[in-house]
Amino acid sequence: MRKNVFIFDQNKCVGCHACVVACINENGFQSPDQWRNVHSSNNPHLPQLPLLYLSLACNHCDDAPCLKNCPSLAYSRDEKTGAVIHDPKKCIGCKYCTWACPYDAPKFNLKSGIIEKCTFCNHRIEDELKPACANLCPVGALDFENIEFNREESVESSPVPVNIGSNLKTVKLRKETGPEMDLEIFKNQTKIDIQTKKHNKITAQKEWPLIVFTLLTTGLVSLYTSGITKIFNSTHKHIFTGFIIISAALSILHLGKKLRTWRSIINIKNSWLSREIGFFALFFASVFCNFYLFNLPDLLVACFGLLYLFSIDMLYRIATWRWELKIHSAQTILIGISLFAFFIGWYYLLVFIISFRLTIYVYRKIVITKNDLILSSLRAILPIIAIIMLYNSQYYILSLILIALGEVIDRIEFYNELNVPDPKIEFESQNK
Amino acid sequence: MKAHNTACPRNCYSTCSFKVWTDNGKVIKIDPQPLNKATPQGICLKGLSYVERVNSPQRILHPLKKINGEFKQISWEAALSEISEKLQYFKEKYSPQSVLFYYASGMSGLLNSVSTNFWKLYGGATTVYGNLCWPAGLEATRLSLGENKHNIPWDVENAKLILVWGKNPAESNIQQMIPIEKAQQNGAKLVFVDPRRTASAERADLLIQPIPGTDGILALSIAKILIEKNQIDKEFIDKYVLGYDAFKEFVLKININEASIECGVSVEFINKLANFIGTTKPMTLIPGYGMQRYTNGGQTTRCLLALSIITGNIGKPGACWHYADLQSDIFSEIKEPVNYFPPEKPDGIFRREIATARLGEDMLQISDPDLKMAWVERGNPVTQNPDSNKVKEAFRKLEYCVVVDQFLTDTAQEADIVLPAKTMFEQSDIISSYWNPYIQLRQKVIEPIGEVKPETEVYYLLAKKMGFPDSEIDKNIPYPSDEATEKWLNNQLKPWPDITLEKLKKGPILTPVLQEIAFSDYKFNTPSGKIELFSETAHKKWGVNPLPNYEKTIDGNKENKFPFNLMSPNTKNRIHSQFGNLESIKLIDPKPFASINLGDAHAKGIKEGDFIKVFNDRGELTINVKIDASLRPGNIVIVNGYWHEEGSCPNILSKGRETDMGHGTAFHDNMVDYEKPNIK
C-alpha cells in the first residue's frame with residue numbers, strides 16, 4: 001500500500017535544526033517544547049563511538065498509541081493523508097498520550113493546558129506540498145514521499161524498538177563507526193566515567209498527585225470492600241466521602257483542562273485510562289448510593305472496586321515495557337488485596353500476600369534495580385514488624401501505619417521505575 | 001500571498017538563493033529556490049529565522065536618542081538635525097577626519113558604496129584598513145596562484161579525496177555537505193584536520209587533531225613525506241610551479257619527530273594523512289578561515305596550499321584549492337584582499353591609519369586629529385573586534401556616536417543616536433558570493449516596517465540637511481525611491497548586458513566570467529606567470545620567508561602562563577553576532593557555553609553544567625560548561641558572536657593583532673586559563 005512517509009537519511013543529517021525552525025515558521029511558535037526535535041546519540045562525543053542525529057516529530061503511526069489511549073478521543077486519523085490529528089478542543093490535558101507515544105511526539109503546552117503535536121502539515125499535503133520540515137531541509141536529509149512502505153520496513157526503521165507501523169523510513173549509516181582518531185591524545189580521560197543526567201519522563205517527584213490518588217483510592221476500596229463501613233456512623237461516612245472527594249479533586253486538578261473532565265470517560269472502548277476513570281466513578285457512586293440513598297448488592301460494588309484497581313494497573317502497562325518482571329510489588333491490585341486482608345482480619349491471607357510481594361520486591365532489588373539500601377530494607381522490614389505487632393490488638397493502628405508507610409515507599413519506587421519508550425533514552429543509548 | 005526570489009546577504013559562504021512569501025506587506029514564509037545549484041534544497045536555520053527577525057518586536061523601528069542613559073524614541077527630523085549639527089561642528093572644529101566611519105560585513109550589497117560617497121562629500125573621514133575575517137588566506141592564495149578562485153561548489157562531487165582542513169561546513173557552509181555526501185556515496189575518502197570533532201567530521205574516514213596554530217608544520221611534514229615517497233606530480237611541477245627545488249630542499253630538512261611533537265600529531269597519524277594525500281587523486285583541499293586568524297595565518301595557508309601544488313591538484317575536475325571564489329565579484333575594481341590594504345599614497349580624504357585588527361587601541365591612540373565621533377553601520381565592533389574591553393573604552397571616549405542597526409546590539413548600546421536599519425527585504429540590492437558563482441538580486445519585497453529608512457535614504461536626507469550641493473548629491477546618492485534605486489542598480493549592471501534586473505528577479509545568474517574548473521587554463525596571475533611556491537613578493541611586501549614556512553604563534557608559545565588555546569569558531573546558530581537574540585534561535589541554543597575536554601575538566605574538578613571563569617591578562621568572563629570528550633585536551637571553545645549582554649563575549653579575551661600578511665586579524669592566537677570560580 002502506498003503511504004505518506006517521512007524519509008530520514010542518517011548519512012546526510014548534520015543536526016542543523018533547520019527542520020525545527022521550518023516547523024515553527026509553518027505552525028507557529030512552540031514553547032517550551034518544539035514539535036520536532038533533533039536528537040543526537042553520543043552527546044559527550046566519546047571518541048570510540050559514532051555520533052548520529054535523528055530529526056523526529058510525529059510518525060503518524062498506523063497503530064498510533066496516542067490515538068488508541070487518549071481517554072477523550074481527541075485524536076483522529078485523516079484517512080486521505082494518513083495524518084494523526086489532535087483536536088485541541090477535545091483534549092483534556094491528561095498527558096497520557098505523552099506516555100503512550102514512543103517518539104515523544106505529543107507535547108504538553110503549559111500555557112494552554114493541552115497537548116500540541118505535529119500535524120504532518122496536513123494542510124500542505126492536501127495542497128500537494130511536502131511538510132515544511134521536509135521541504136526545507138537544506139541537505140535533503142529529511143524528506144517526505146508517498147511510497148510503498150510495509151510493516152517490516154517500518155519496524156526496521158524505527159529508532160525506538162516498537163512495532164506500531166510508524167511512517168518513518170530511515171536510511172541507515174553506510175559506515176557505522178565515527179572517524180578514526182588518535183586515541184593516544186585522549187589517554188588522560190580513558191578511566192573517567194561520564195556522569196550524564198538520567199532522563200526520565202515519569203518520576204515520583206513529578207507525579208506525586210498520582211501517587212497520593214492511587215494509594216488513597218486503593219485504601220478506600222479495600223476499606224469499603226472489607227465491610228468495615230457497615231458499622232460506620234454518619235460522621236465516619238462523611239469522612240469517607242470527604243476522602244473520595246479529595247481524591248477525585250486530585251485527579252481533576254491533574255488535568256490541563258478541568259472543565260472538560262467529563263470527556264475523560266468517552267474512550268471506554270480502547271483506553272484503560274477511560275476505563276479506570278469509569279470504574280472509579282461507578283465504584284464511588286455506588287458507595288455514595290449505599291451511604292445515603294439505597295442499598296446496592298455488595299458483590300456488585302466489590303466488583304467495581306476490583307475492576308477499578310485492575311484498570312489502574314493496566315493503564316500503567318505502557319510504562320512497564322522495559323521491565324523484565326512485569327509484575328510489581330506495588331501494583332494497586334496487590335496493595336488492595338493486602339489492605340483488604342488487613343481490614344477484614346484475614347491475617348493468613350495478609351501473611352501470604354505480603355510474603356508474595358516481599359519475594360517479588362527482594363528479587364527486583366537484587367536482580368534488576370539497585371536502589372537505596374536503607375530505604376529498601378526499611379520497606380522490607382516494615383510489613384513484617386506490622387504483622388508481628390498484630391498479635392497484640394492494642395498495636396492495631398500502629399501496625400496499620402507501618403503497613404501504609406511500606407506501601408508509600410514501594411509505590412514511590414514503582415513510579416521511579418516506570419519508564420515509557422522515549423527517543424531521548426533509546427536513541428542516545430543506541431551506541432552504548 | 002506572493003512569492004519573491006531573493007538571496008541571503010549575510011557574511012557566509014553559502015549566499016543562499018531562496019523564495020520569500022509575503023502577505024499584506026508582511027514576510028510570512030520561506031521556500032527553497034532550486035535554481036541555485038549550490039543551494040538547491042534551501043536555506044539554513046538562520047535564514048528560516050528571517051520570518052521572525054524581520055517581524056521581531058525587538059527590532060528598532062524608530063530613531064532613538066540616549067537621554068540620561070536610556071533610549072527614547074525621537075523623530076527623524078530631530079535625529080537628522082542633531083546629527084547634521086554635530087557633523088558640521090566636528091568638521092569645522094577639528095576636521096572631517098575626526099569622524100570615524102566604521103562598517104563591517106553585516107549586510108552585503110552594491111548600494112553600500114553610497115555610504116562612502118556620502119563621507120566623501122562630507123570631506124572625508126577616518127576609516128579602517130584590514131579585515132576581521134580572511135585576508136591572510138586570501139593574500140597567501142593570491143601570492144601563490146595569482147588570484148582567489150576555486151572550482152564550482154558542486155565539483156567537490158568529483159573528488160576522490162576531500163581534505164577539509166580547519167573548516168566545519170556543517171555549521172558554516174551547510175550546503176557544502178551535499179557534494180561531500182555525494183562524493184562519499186561514490187566512494188570518495190573524507191579526511192578532516194581540526195582540534196575539534198565537529199558535526200562535519202562525523203562521517204569522515206580520518207580526523208587529525210593538531211594543536212591550534214601548528215597546521216603549518218603538519219603540512220610541511222606531509223610535504224616532506226610526499227616528496228620522499230615520490231608521491232608528487234613532477235610533470236605539473238615542472239610546467240607550472242616556481243621554486244619547487246628550493247621548497248624541496250627546505251622541507252627535506254624537517255625532522256618529522258620534532259614536527260610531530262610541535263603539532264601534537266603522532267608520526268603514525270602524520271603518515272596516515274600523507275598516505276591519503278599521496279595515493280588518492282583527485283584531491284579537493286578545503287581550508288577554513290579559522291586557522292589563518294593566527295599571527296602565522298598567511299604562511300600556514302601557504303604551507304597547506306603547497307600540498308595541493310606539489311601533488312598537482314589544481315585546475316582539474318575534483319582537484320581544487322577551495323579557499324575562496326571571487327569570480328562572482330564582477331563589480332569591484334580592486335578585489336579583496338588588496339582593497340583592504342592601506343593606500344600607498346593617501347588621498348587626503350580618507351585617513352586609513354587604523355587597523356580593524358587593533359580597533360580599540362588604534363582609536364585611542366590616533367591623533368591629529370583625535371577621534372571625536374563615530375558612525376557605525378552594518379557592524380557590531382564592540383562585540384566582534386578583538387580586545388573588546390578596549391574597543392568599548394574607545395567608543396566611550398568619543399564625544400558622539402551614531403549607530404545604524406536593526407537591534408540594540410552591544411555597539412548600539414554605546415551610541416548617542418541609534419538609527420533603525422532596513423532588513424534585506426526592505427530595499428533591493430545586488431549581491432555576489434565568495435563560494436557560489438552566482439550574481440543575485442536581493443529583492444525589496446515589503447515596505448520598510450515602522451519608520452525604518454534604508455541607509456541610502458538616510459544619507460540622502462542628511463546630505464540635503466547639511467546643504468551639500470544638489471548636483472553632487474544627485475551624482476552620488478540615489479533619490480529615495482524604488483525607481484531611483486533600480487536605476488542606480490541597472491547602472492552598475494551596464495558593463496554586463498546579459499545581466500539585467502528583470503532577469504535577476506527570476507532567479508540567480510551565473511557570473512559571466514565563470515571558469516567552472518578554476519585555473520583549468522593554467523594561467524596564473526603572478527609576477528612569474530607560474531604558481532609561486534617561492535614568492536619574492538611575499539618576502540618584500542610582508543617580510544615573511546619567500547617559501548611557505550612555519551613560525552610559532554605569538555600567544556601559543558609554551559612559556560605562556562595561560563595554558564589553554566581559546567578557539568572561537570562559528571556556530572550554525574549565528575552569523576557572528578547576528579541571530580542569537582531571536583526567540584527561534586534561543587529555543588535551540590538557549591545560553592552561552594564553553595566546551596572543554598573531559599580529561600581537562602576532570603583534572604580541574606569541573607562537571608557538565610558548572611560555571612567556570614575563563615581569563616587571561618586581557619579580561620575574564622564567566623560561562624557554563626559542556627564536556628566534550630573528543631575535543632583535543634588543552635583547548636577551550638567559545639563560539640564567536642555571544643554579546644557582552646549575554647556575559648560571554650570571547651573577544652574580551654582576544655588580543656588586537658594583525659596576521660603575518662593581508663592585514664587580517666589574528667584573534668585566534670589567544671591563550672587563556674579557566675577555573676571554577678570561588679563561590680561567594
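User: Where is B:P337 found?
Analyst: In this predicted model, local features need pLDDT of at least 70, side-chain atom pairs count only at pLDDT 80 or more, and totals for chains, interfaces and linings use all residues. Residues are numbered from 1 along each chain as its sequence is written, while chains are lettered from A and ligands numbered from 1 in the order in which they are written. The peptide bond from B:E336 to B:P337 is cis, with omega near 0°. Helices (DSSP runs of H or I, at least four residues) and strands (runs of E, at least two) are numbered from the N terminus, and B:P337 lies in the loop between β13 and β14 (350-355) of chain B.

User: Which residue does a cis peptide bond join to A:S31?
Analyst: Omega for this bond is about 5°. Its second residue lies in the loop between α1 (18-27) and β2 (37-40) of chain A. The partner of A:S31 is A:P32.

User: Is A:D104 buried or exposed?
Analyst: A:D104 sits in the loop between α3 and β6 (107-109) of chain A. Its phi is positive, about 60°, although A:D104 is not a glycine. A residue is buried with 20 or more other C-beta atoms within 10 Å of its own, exposed with 12 or fewer, and partly exposed in between, with C-beta atoms placed from the backbone. A:D104 has 23 C-beta neighbours inside 10 Å, so it counts as buried.

User: Is B:N230 buried or exposed?
Analyst: B:N230 is in the loop between α8 (215-228) and α9 (234-240) of chain B. It is not a glycine, yet its phi is positive at about 55°. Since B:N230 has 8 C-beta neighbours inside 10 Å, it counts as exposed.

User: Why is helix α5 of chain B largely enclosed by the rest of the structure?
Analyst: The cover over the buried residues of α5(B) includes β12 (283-287), α13 (297-310), β13 (320-321), β21 (531-532) and α22 (536-542) of chain B. Contact here means C-beta atoms, placed from the backbone, within 7 Å. Charged positions B:E139 and B:R142 are among the buried residues. Helix α5 (residues 135-145) is largely enclosed because its buried residues number 11 of 11.

User: How many residues of chain A take part in the contact with chain B?
Analyst: On the chain B side, elements that give two or more residues include β3 (26-32), α7 (177-185) and β25 (619-628). That side has 24 nonpolar (Ala, Val, Leu, Ile, Met, Phe, Trp, Tyr, Cys, Pro), 11 polar (the others, Gly among them) and 10 charged (Asp, Glu, Lys, Arg) residues. Chain B contributes 45 residues and chain A contributes 40.

User: How many residues are in the largest nonpolar core?
Analyst: A nonpolar core is a set of buried Ala, Val, Leu, Ile, Met, Phe, Trp, Tyr and Cys residues joined through C-beta atoms within 7 Å. Among the members that touch the most others are A:A18, A:C133 and B:L48. Beyond four places in sequence, B:L48 touches A:A18, A:V21, A:A22, A:N25, A:L136, B:I30 and B:I43. The total for the largest core is 225.

User: Why is chain B as compact as a globular protein of its length?
Analyst: Chain B has 24 helices and 27 strands. The globule rule is 2.2 Å times the number of residues to the power 0.38, and the radius of gyration is taken over C-alpha atoms. Chain B is that compact because the rule gives 26 Å for 680 residues, and its radius of gyration is close to this, at 25 Å.

User: What percentage of the residues in chain B are buried?
Analyst: The C-alpha atoms of chain B fill a box of roughly 75 × 70 × 50 Å along the principal axes. Of contacts with a separation of 6 or more, residues 24 or more positions apart account for 75%. Of the 680 residues, the buried share is 61%.

User: What distance separates the centres of the two domains of chain A?
Analyst: An automatic or database domain assignment divides chain A into domain 1 (2-173) and domain 2 (208-417). Their contact takes 17 residues from domain 1 of chain A and 17 from domain 2 of chain A. Taken over C-alpha atoms, the centres are separated by 37 Å.

User: At what angle do the axes of α10 and α11 of chain A cross?
Analyst: In α10(A), A:L309, A:F310, A:I312 and A:D313 meet A:T332, A:I333 and A:G336 in α11(A). Axes are lines fitted to C-alpha atoms, for helices over the stretch in contact, with angles from 0 to 180 degrees between N-to-C directions. These axes come within 8 Å and cross at roughly 150°.

Conventions: Contact = placed C-beta atoms within 7 Å.
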